[in-house]
Amino acid sequence: MPAAAMPKHKFSIDMTCEGCSSLVTHVLSKLGGVQFETDLLNKKVCIDSEHSADTLLATLKKNGNSISYLGEK
Amino acid sequence: TQVTVVNIEGMTCNSCVQSIEEVISRKPGVKSICVSLVNHNGTIKYDPLLTCPEDLKSAIEDMGFDASLSA
Ligand SMILES: [Cu+2]
Ligand SMILES: [Cu+2]
């Protein structure tokens, strides 16, 4: 699937510092097949991925931070 | 019940501490966990029939921290 066709998912994650956002980076890179941007200031992560929102949510939950799905974009 | 102390590197703030406590306490066999940001470690009480220190260590590593078992 071309990158442009991949759905974009938005999540809100409670990140308080660089350390927290690097944990998010860690679990997502480990999952693979994702392109993402973490926005520490707004406590949001935008993910381009062919994985389902459920898979992404489960992956992000590994970090335990309070997190919620904001929807597809 | 047994107790193990896991050294944890890479915690930067209190929410890291909370994340680890939350995730690890959800694991089967874990009775309690107390993580210290200052001491870079976590003290975990667990049921040896259900889990082991190696298991707990890799669960913490899975989250993105560097963990090691103290001798
Ligand atoms: Cu942080
Ligand atoms: Cu933190």
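**View 1. C13(B) bridges two copper ions, ligand 1 and ligand 2, in this predicted model.** The two ions lie 2.4 Å apart. C13(B) counts as buried because its relative accessibility is 13%, where buried means under 20% relative accessible area, exposed over 50% and partly exposed in between (1.4 Å probe, protein chains only).

**View 2. The copper ion (ligand 1) draws on both chains for its donors.** Here you will find C17(A), C20(A) and C13(B), each coordinating through SG, at 2.1 to 2.3 Å. Donors are N, O and S atoms within 2.8 Å of the metal (3.2 Å for Na, K and Ca); water is not among the atoms, so sites may look incomplete. C17(A) and C20(A) are both buried.

**View 3. The copper ion (ligand 2) has its protein donors in chain B.** These are the SG atoms of C13(B) and C16(B), 2.1 to 2.2 Å from the ion. With 1% relative accessibility, C16(B) counts as buried.

**View 4. I20(B) sits in the largest nonpolar core.** A nonpolar core is a set of buried Ala, Val, Leu, Ile, Met, Phe, Trp, Tyr and Cys residues joined through side-chain atoms within 4.5 Å. This one has 34 residues, and I20(B), I24(B) and F65(B) have the most contacts inside it. Beyond its neighbours within four places in sequence, I20(B) is in contact (heavy atoms within 4.5 Å) with residues including I8(B), I33(B), V35(B) and F65(B).

**Notes.** Residues are numbered from 1 along each chain as its sequence is written, while chains are lettered from A and ligands numbered from 1 in the order in which they are written. Local features need pLDDT of at least 70 and side-chain atom pairs count only at pLDDT 80 or more, whereas totals for chains, interfaces and linings use all residues; side-chain values use heavy atoms, with hydrogens and water left out.
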